[in-house]
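Please read it alongside the model displayed below.

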Amino acid sequence: MIIATERARRPSDFVAQRVQPVGTECVFCEGHEDKTPREILAGRSEESRPNGPGWSYRVLPNKFPVLWIEGELEPAGEGLFDRMNGVGAHEVVIETPVHSASLATLPVDAVADVLLAFRERMLDLKKDPRLEYVLVFKNHGEAAGASLGHPHSQLIATPIIPVMVAEELAGAARYYELKERCVWCDILRQERRGGRRAIVEAGGFVALAPFAPRFPFETWILPAVHRAAFEESGADELRGLAGLLGDFLRRMNRVLGDPPFNFMLHTAPLRDSELESFHWHLEVIPKLTSVAGFEWGSGFFINPMPPEDAAEALRADQS
Ligand SMILES: [Zn+2]
Ligand SMILES: [Zn+2]
Ligand SMILES: [Zn+2]
């Protein structure tokens, strides 16, 4: 667990936070570069200057970071408990200067540039030996946790492997030990051979509904051939992903009416990018239901939507 006191100080800060206003008030819109921290990376035309207008995407340090890059790692004991100071990095990727655009509406080249920015930041953060993992994720829409309406995603680099990823790594390693095959490669083989949970395949990537989705319309997007680490992807591969991701998001928006959603990139740990047992994937979860007492208390998820039906609806969409 991470306690980040910089982000919210008073109990009232937790009450019904509102998405910030659009257009002229939005700090992520073009022309408001002076209201953001200085950029780390940006897609820019020849004549534009850093931290000014004329960009296609920008990467910034988060103004309210969960973790900071400065400082030494200092694990310490406190009675029963272990604590560690929050060394890491928290960055924001502004995906487009256009407030009303989205990864579903941007041209494929613009989406590919955003994915290349993820890769470039991961490769750069990988140089810091204190960091073990970079989680890339997106909160889209207020219900999915976005505090700004402008299209953006985030990277958080951590000195430990996040628990959900650690569990996946361990499960995948057990499967590999038993069968000497990657579990995701096996799933792909099965679903592409006429499985009922495949949604769409293009450009070297497959979108499918997992066998046991926690949420309605939960979808995994993964490379059709074995790849452990996202940051090792070639530019052509990421262009293929951009095409499929845009296609999938448009299907989701049409079928579900532009739902709020989250995506999370699960990739191999920074120091373990050659894993035979782990296959990177993007988990997309539209926010259609809420997690309640039973789920919090048990870890079981109640999903009213069979994955075969969800996949069929998304697959059938042809507009
Ligand atoms: Zn904006
Ligand atoms: Zn694999
Ligand atoms: Zn995963």
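Helix axes are lines fitted to C-alpha atoms over the stretch in contact, and angles between N-to-C directions run from 0 to 180 degrees. This is a predicted model, in which local features need pLDDT of at least 70, side-chain atom pairs count only at pLDDT 80 or more, and totals for chains, interfaces and linings use all residues. Residues are numbered from 1 along each chain as its sequence is written.

**Helix pair**
- Helix H1 (residues 108-125) and helix H4 (residues 235-256), both DSSP runs of H or I with at least four residues, have axes that come within 8 Å and cross at roughly 125 degrees.
- H1 is therefore oblique to H4 (angles under 35 degrees count as roughly parallel, over 145 as roughly antiparallel, 65 to 115 as roughly perpendicular and the rest as oblique).

**Nonpolar core**
- A nonpolar core is a set of buried Ala, Val, Leu, Ile, Met, Phe, Trp, Tyr and Cys residues joined through C-beta atoms within 7 Å.
- The largest one has 64 residues, and Val93, Ile221 and Leu245 have the most contacts inside it.
- This core draws at least three residues from each of domain 1 (11-158) and domain 2 (163-316), with bounds from an automatic or database domain assignment.
- Beyond its neighbours within four places in sequence, Leu245 is in contact with Leu103, Val111 and Ile221.

**Gly54**
- Gly54 lies in the loop between strand E1 (41-44) and strand E2 (55-61), strands being DSSP runs of E with at least two residues.
- Gly54 counts as partly exposed because it has 16 C-beta neighbours inside 10 Å (20 or more is buried, 12 or fewer exposed, and in between partly exposed).

Notes. Chains lettered and ligands numbered in written order. Contact = placed C-beta atoms within 7 Å.
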